[in-house]
Amino acid sequence: MRNISDLIEHYLKHILLESSEGAVEIQRNDLAEQFSCVPSQINYVISTRFTLEKGYVVESKRGGGGYIRIQRIDLPAHQAIHNHLCESIGERIEQSAAEGLIYQLEEAKFISRREANLLRAAVSRDNLTVKLPYRDELRARLLRSMLLALLSK
């Protein structure tokens, strides 16, 4: 069975997909009431699962009529993906940013779940046992070359 965070994430992604604008505005308290949870649970889901690295922009307005706005950032088309990868990865990349990029590519169906799992394993700090900043440079080179090979299918 899925936990409450998974259910909230799935719900938000579902309404995002159905939105004609690619964005949704939600009331934190209303959503918490809908899922019978505390509002901080909504904050947790949004702050951990709807990040810029994962392809989302989150904007919030506090106060009486406050809201949280979540917008999906689409990846560029296949022909522009090479430039996007080079810009996103750069000369070095931290593990969290690499995992966010992999997540975004998997969500957009550019890579399969299996390919994403292989990429995560290859760029994990557990497997790249060199000291910083060399580890982030090695991770960037590996990730860039593997993604370009996968996406040129």
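Residues are numbered from 1 along each chain as its sequence is written, and side-chain values use heavy atoms, with hydrogens and water left out. Because the model is predicted, local features need pLDDT of at least 70 and side-chain atom pairs count only at pLDDT 80 or more, whereas totals for chains, interfaces and linings use all residues.

Helices and strands are DSSP runs numbered from the N terminus (H or I, at least four residues, for helices; E, at least two, for strands). In helix H3, which spans residues 39-49, Ile42, Val45, Ile46 and Arg49 are buried, buried meaning under 20% relative accessible area, exposed over 50% and partly exposed in between, with a 1.4 Å probe and protein chains only. These four residues lie on the same side of H3 because they cover an arc of only 100 degrees around the axis, the arc being that of the directions from the helix axis to the C-beta atoms. The buried residues of H3 pack against several elements, including helix H1 (4-18), strand E2 (56-61), strand E3 (67-72) and helix H5 (95-107), with contact defined as heavy atoms within 4.5 Å.

A nonpolar core is taken as a set of buried Ala, Val, Leu, Ile, Met, Phe, Trp, Tyr and Cys residues joined through side-chain atoms within 4.5 Å. The largest such core holds 16 residues, of which Ile89, Leu143 and Leu147 touch the most other members; helices H4 (81-89), H5, H6 and H7 each supply at least two residues of this core. Apart from neighbours within four places in sequence, Leu143 is in contact with Ile89, Ile93, Ala98, Leu101, Ile102, Leu119 and Val123. A second, separate core of 15 residues includes Ile42, Ile46, Tyr56 and Ile68.

Nine salt bridges were counted, each defined by a side-chain nitrogen of Lys or Arg within 4 Å of a carboxyl oxygen of Asp or Glu. Arg49 forms one of them with Glu9, the closest N and O atoms being 2.8 Å apart, and this pair links helix H3 to helix H1 across 40 residues. Both partners are buried, Arg49 at 16% relative accessibility and Glu9 at 13%. Arg49 and Glu9 also belong to a network of salt bridges together with Asp6, Lys13 and Glu107. A further salt bridge joins Arg92 and Glu137 at 3.0 Å, N to O; because Arg92 lies in the loop between H4 and H5 and Glu137 in helix H7, the pair ties together parts 45 residues apart in sequence. Here Arg92 is partly exposed, at 48%, whereas Glu137 is buried, at 18%.

Two aromatic pairs are present, rings of Phe, Tyr and Trp (its six-membered ring) being paired if their centres lie within 6.5 Å, with planes under 30 degrees apart counted as stacked, over 60 as edge-to-face and the rest as tilted. Tyr11 and Phe35 form an edge-to-face pair, 5.5 Å centre to centre with 70 degrees between the planes. Since Tyr11 lies in helix H1 and Phe35 in the loop between H2 and H3, the pair ties together parts 24 residues apart in sequence. The rings of Phe50 and Tyr56 are likewise edge-to-face, their centres 4.8 Å apart and their planes at 70 degrees, and both residues are buried. The charged end of Arg72 sits over the ring of Tyr56, 4.8 Å from its centre, the criterion being NZ of Lys or CZ of Arg within 6 Å of the ring centre and within 35 degrees of the ring normal.
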